[in-house]
Amino acid sequence: MADDNTGRSSSGVRWLFIGGTGLFVLVLLCGGGLYWFYTSSQAEVEQVVNAFQTQLDAENYAAAYQAIGPEWKLINSQADFTELESTIFSQLGKLQSKTMFSFNVNEATSGGTAYIIYNCTFEKGQGQVKYSLTSSTGTWRIVGHHVESPAMIKVLACPSCGEVMSDLVKFCSECGTKMNR
Ligand SMILES: [Zn+2]
């Protein structure tokens with residue numbers, strides 16, 4: 001009787017131990033999988049952003065427009081896009097260096113969204129640049145490019161009332177004056 005109980009309890013302990021290890025390994029595998037997924041998304045996003053920024057630095061707006069996502073193309077024609085990006089370029093110049101500030105990714109089976117922010121040094125000043133991306137067919141595409149920099153103030157401040165716009169707009173949202181470009 002005593003032997004049976006000991007046997008049963010020790011096998012019970014062994015089972016629990018194996019179960020516990022199995023759970024640990026499973027959690028470790030899931031964690032590893034998530035980590036792999038996260039880093040591979042980040043590498044893909046960084047690659048797309050670098051290619052886009054290289055085209056902007058070369059003032060190759062046609063190629064840059066070609067590569068952006070359909071969501072952005074719906075809002076801006078190629079002419080709008082070229083005006084927007086060439087305005088940013090005229091104020092900041094070429095990108096000299098960048099360090100990543102943050103990266104966020106959200107993926108579902110229907111598609112994903114990602115935001116990557118860099119602290120950048122341009123020829124004409126410092127700035128923080130945010131790129132928004134979406135993925136619907138497994139390919140990341142840029143759908144937003146937002147630059148915050150004191151070097152942009154000349155084209156963001158209304159020449160009439162002085163109000164600073166949060167985006168490059170054609171007319172002042174306060175007084176309707178045509179903005180400097
Ligand atoms: Zn104004």
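**Close-up 1. Gln66, an exposed residue.** With 11 C-beta neighbours inside 10 Å, Gln66 counts as exposed. The cut-offs run like this: 20 or more other C-beta atoms within 10 Å of a residue's own make it buried, 12 or fewer make it exposed, and anything in between is partly exposed, with C-beta atoms placed from the backbone. Gln66 sits in helix 2, residues 61–67. Helices (H or I, at least four residues) and strands (E, at least two) are DSSP runs, numbered from the N terminus. Between the C-alpha atoms of Gln66 and Gln78, 12 residues apart along the chain, there is a separation of 8.7 Å.

A word on the model before moving on. It's a predicted one, so local features need pLDDT of at least 70 and side-chain atom pairs count only at pLDDT 80 or more, while totals for chains, interfaces and linings use all residues. Residue numbers start from 1 along each chain as its sequence is written.

**Close-up 2. Helix 4 and its buried face.** The buried residues here are Glu85, Ile88, Gln91 and Leu92. Looking down the axis of helix 4, you'd find them within an arc of 125° (taken from the directions from the helix axis to the C-beta atoms), so they line one face of the helix.

Close-up 3. Two strands count as paired if DSSP finds at least two bridges between them; strands 2 and 3 pair in the antiparallel sense over 11 bridges. Ile116 has Tyr131 in strand 3 as its bridge partner.

**Close-up 4. The largest nonpolar core.** Such a core is a set of buried Ala, Val, Leu, Ile, Met, Phe, Trp, Tyr and Cys residues joined through C-beta atoms within 7 Å. There are 18 residues in this one, and those touching the most other members are Val45, Val48, Val49, Ile116, Tyr131, Leu133 and Ile142. Helix 1 (2–57), helix 4 (78–92), strand 2 (111–122), strand 3 (125–135) and strand 4 (140–148) each give two or more residues. Strand 2 has the largest share, five residues. Leaving out residues up to four places away in sequence, Val49 touches Ile116, Tyr131 and Ile142, where contact means C-beta atoms, placed from the backbone, within 7 Å.

Note on methods: Two residues are in contact if their C-beta atoms, placed from the backbone, lie within 7 Å.
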